[in-house]
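Please find below a short note on the model under discussion.

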Amino acid sequence: MVSVKKPLTEKEPGKGQASGRCDYDVLFFSAHPDDAEFGAGGTLLLLAKKFKVANIILTRGEAGTYGTPEIREKETGSAARLAGIDFEFLDFRDNFVEDNAENAHMIAHVIRKYRPRIIFAPYHTNSSSHLDGVSHPDHTATGSLVLKAARFAKFKNARLKGEAHAARRIVYFMVPRYTKPSLIIDVSQAASSLKKLWACHKSQVQNLAKGKLEERLLSSRRALGQLAGVSYAEGFLVEEPLRIDEDWLFKI
Ligand SMILES: [Zn+2]
């Protein structure tokens with residue numbers, strides 16, 4: 001259910017490639033209720049200020065150690081209201097998100113429903129150990145599913161409801177620690193709001209990393225910021241080379 005809705009006229013959506021109609025500027029995919037906020041919260045906040053954004057969450061995080069599905073749904077709603085985005089839960093089972101054709105078609109249907117210009121998803125490959133929270137198998141499976149689904153959503157004759165839609169690009173968050181991001185977004189201006197956003201996921205923030213989760217999330221952003229000469233930054237992977245024009249050489 002989309003519980004927070006904004007009029008489309010408020011933020012002009014741009015043109016897609018398949019039919020020309022986009023209903024959302026940005027669509028995030030998350031395996032768990034806190035993924036987008038913990039993984040790319042600063043970018044999400046900045047995007048939501050200018051663009052129409054929704055977050056699709058595959059599971060309710062019911063296998064996690066802290067919180068219940070009901071609590072996690074409420075926390076997700078609070079975070080979405082604070083950021084000013086729409087959200088919808090799908091009914092995947094936590095720890096059972098599987099990369100297969102059937103699930104990819106289910107996600108493709110969601111892409112056709114929301115018709116985003118840009119998609120954000122957890123990165124699809126991460127060989128880190130179980131000590132690295134980012135490498136949860138549901139995260140990587142979600143990334144793989146989204147990669148396939150974005151392709152299926154374009155095919156006019158795919159067995160899918162809705163009009164074909166081609167998102168312009170997939171930007172991956174939850175970059176593996178052993179990989180350099182290909183894109184760094186300066187989130188310094190959102191830094192003061194990040195704690196409020198993360199605090200919405202109280203059941204997690206109070207308990208994960210022995211209560212030091214916020215500190216960890218901020219320090220990773222500080223470290224990425226140092227790479228780019230700014231206070232706080234978030235890193236992303238874009239798999240295809242990015243096309244720029246000569247003016248952009250002076251902006252990046
Ligand atoms: Zn997660």
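1. Basis. This is a predicted model, in which local features need pLDDT of at least 70 and side-chain atom pairs count only at pLDDT 80 or more, whereas totals for chains, interfaces and linings use all residues. Residue numbers start from 1 along each chain, as its sequence is written.

2. Secondary structure. Read from the N terminus, the order of elements is β-α-β-α-β-α-β-α-β-β-α-α-α-β.

3. Overall dimensions. The C-alpha trace spans about 50 × 45 × 35 Å along its principal axes.

4. Burial and contact range. Of the 252 residues in the chain, 43% are buried. A residue is buried if 20 or more other C-beta atoms lie within 10 Å of its own, exposed if 12 or fewer, and partly exposed in between, with C-beta atoms placed from the backbone. Among contacts between residues at least 6 apart in sequence, 79% join residues at least 24 apart; a contact requires C-beta atoms, placed from the backbone, within 7 Å.

5. Nonpolar core. The largest nonpolar core holds 65 residues, and those with the most contacts inside it are L27, L44, I111, I119, F120, V146 and A149. Helix α1 (residues 35-50) supplies the largest share of this core, 8 residues. Such a core is a set of buried Ala, Val, Leu, Ile, Met, Phe, Trp, Tyr and Cys residues joined through C-beta atoms within 7 Å. When neighbours within four places in sequence are left aside, I119 is in contact with L27, F29, V146, A150, A167 and I170.

6. Helices α3 and α4. How do the axes of helix α3 (residues 101-114) and helix α4 (residues 137-152) cross? They come within 8 Å and cross at roughly 60°. Here axes are lines fitted to C-alpha atoms, for helices over the stretch in contact, and angles run from 0 to 180 degrees between N-to-C directions. The two helices are therefore oblique to each other, since angles under 35 degrees count as roughly parallel, over 145 as roughly antiparallel, 65 to 115 as roughly perpendicular and the rest as oblique. On the α3 side the contact is made by N103, A104, H105, I107, A108 and I111, and on the α4 side by L145, V146, K148, A149, A150 and F152.

7. Helices α1 and α5. The axes of α1 and helix α5 (residues 191-199) come within 9 Å and cross at roughly 135°, so this pair is also oblique. In the contact, E37, F38, G41, G42 and L45 of α1 meet A191, S193, L194, L197 and W198 of α5.

8. F38 and A40. Both F38 and A40 lie in helix α1. F38 is buried, with 25 other C-beta atoms within 10 Å, and is in contact with W198 and L217 once neighbours within four places in sequence are left aside. The C-alpha atoms of F38 and L213 are 9.3 Å apart, although 175 residues separate them along the chain. A40 is buried, with 26 other C-beta atoms within 10 Å; not counting residues up to four places away in sequence, A40 touches F120, F173 and E234.

9. Backbone points to check. Most residues other than glycine have a negative phi. R115, not a glycine, has a positive phi of about 50°; R115 lies in the loop between α3 and β4 (116-122) and counts as buried, with 21 C-beta neighbours inside 10 Å. M174, also not a glycine, has a positive phi of about 55°. M174 is found in the loop between β5 (169-173) and β6 (183-186) and is buried, with 29 other C-beta atoms within 10 Å.

10. N100. Is N100 buried or exposed? N100 is exposed, with 12 other C-beta atoms within 10 Å, and is placed in the loop between β3 (86-89) and α3. The C-alpha atoms of N100 and K148, 48 residues apart along the chain, are separated by 9.2 Å.

Definitions and conventions: Helix = DSSP H or I, 4+ residues; strand = E, 2+ residues; numbered from the N terminus. Contact = placed C-beta atoms within 7 Å.
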